[in-house]
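Here are my notes on this model.

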Amino acid sequence: MSYEKYIEVVDLAEKHLNTWFFWMGILTVIMVILILVIAFSSKMPFSQVTLPVLFVTVLMFMVPLFLQYFNYVSAKNEASNTLAASQSREWQVKEKGDLASLGNASDTVMSGVFFLGIGKVSSKQESYYAFAKKTDQGIQVKRTDEAFKTIRFSDIYIQEKAAESPHYALEVYRYKDKRVEKVIGSSPDDEKSRLIFVVPEKTVQQDFHVDATK
């Protein structure tokens, strides 16, 4: 289902509901007036006869209105589900920032330029990346488990690209059509997210040391 078709279906259901409200409202007013005229002309007791008759009459007209409103909500929800199932999604950048390099080739502790570091919280045994972020006030060293608390370590990726400047990008998996996002909405619990670090080529070093004595 396209967005335009969804709007067409919802508009049609809404017009049908409004038509019911209009005519049922008119009929209710006419019936109330007739009951009051008959009651006053025949001098029926208001509290004993007229009031209960008015209540029953209004209730009889309210029940169909509630049923029509229920049908309208059901039709709208069904159209929303059909729209959501038929629309495609894509990864979209929600937040982006520049990475700064720390260290140089002459450092004794680090050989080469440092963009990312990896660590582990000993109490929870949870891994994280440390990264240097450029800000207007200067460079800040942050941790992914603190700066992006909703991102799991398994949803963090490192890409080596020579043509792009070092940066990080927080991406969310959303509908391509922005109008669909506004209509359907998205729950933070259902929204997929990932974090990507783009660094220069040969930044990632794969060094394996095997202790043959053990």
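**Notes on the second largest pocket and the fold**

1. Three strands, namely strand 1 (89–98), strand 6 (167–175) and strand 7 (193–199), each give at least two residues to the lining of the second largest pocket. Strand 1 supplies the largest share, three residues. Strands here are DSSP runs of E, at least two residues, and helices runs of H or I, at least four, numbered from the N terminus.

2. The model is predicted: local features need pLDDT of at least 70, side-chain atom pairs count only at pLDDT 80 or more, and totals for chains, interfaces and linings use all residues. Residues are numbered from 1 along each chain as its sequence is written, and side-chain values use heavy atoms, without hydrogens and water.

3. The lining has 18 residues; Thr150, Ile151, Glu191, Lys192 and Ser193 lie nearest the pocket's centre. A pocket is an open set of points on a 1 Å grid over the protein atoms alone, where a 1.4 Å probe fits, with protein on both sides within 12 Å along at least five of seven lines; lining residues have an atom within 4 Å of a point.

4. By type, the lining holds eight nonpolar, two polar and eight charged residues. Charged means Asp, Glu, Lys and Arg; nonpolar means Ala, Val, Leu, Ile, Met, Phe, Trp, Tyr, Cys and Pro; the others, Gly among them, are polar.

5. The protein has four helices and seven strands. From the N terminus the order is α-α-β-β-β-β-α-β-β-α-β.

6. Of the 214 residues, 27% are buried, meaning under 20% relative accessible area (1.4 Å probe, protein chains only).

Note on methods: Buried < 20%, exposed > 50% of the residue type's maximum accessible area, 1.4 Å probe, protein only.
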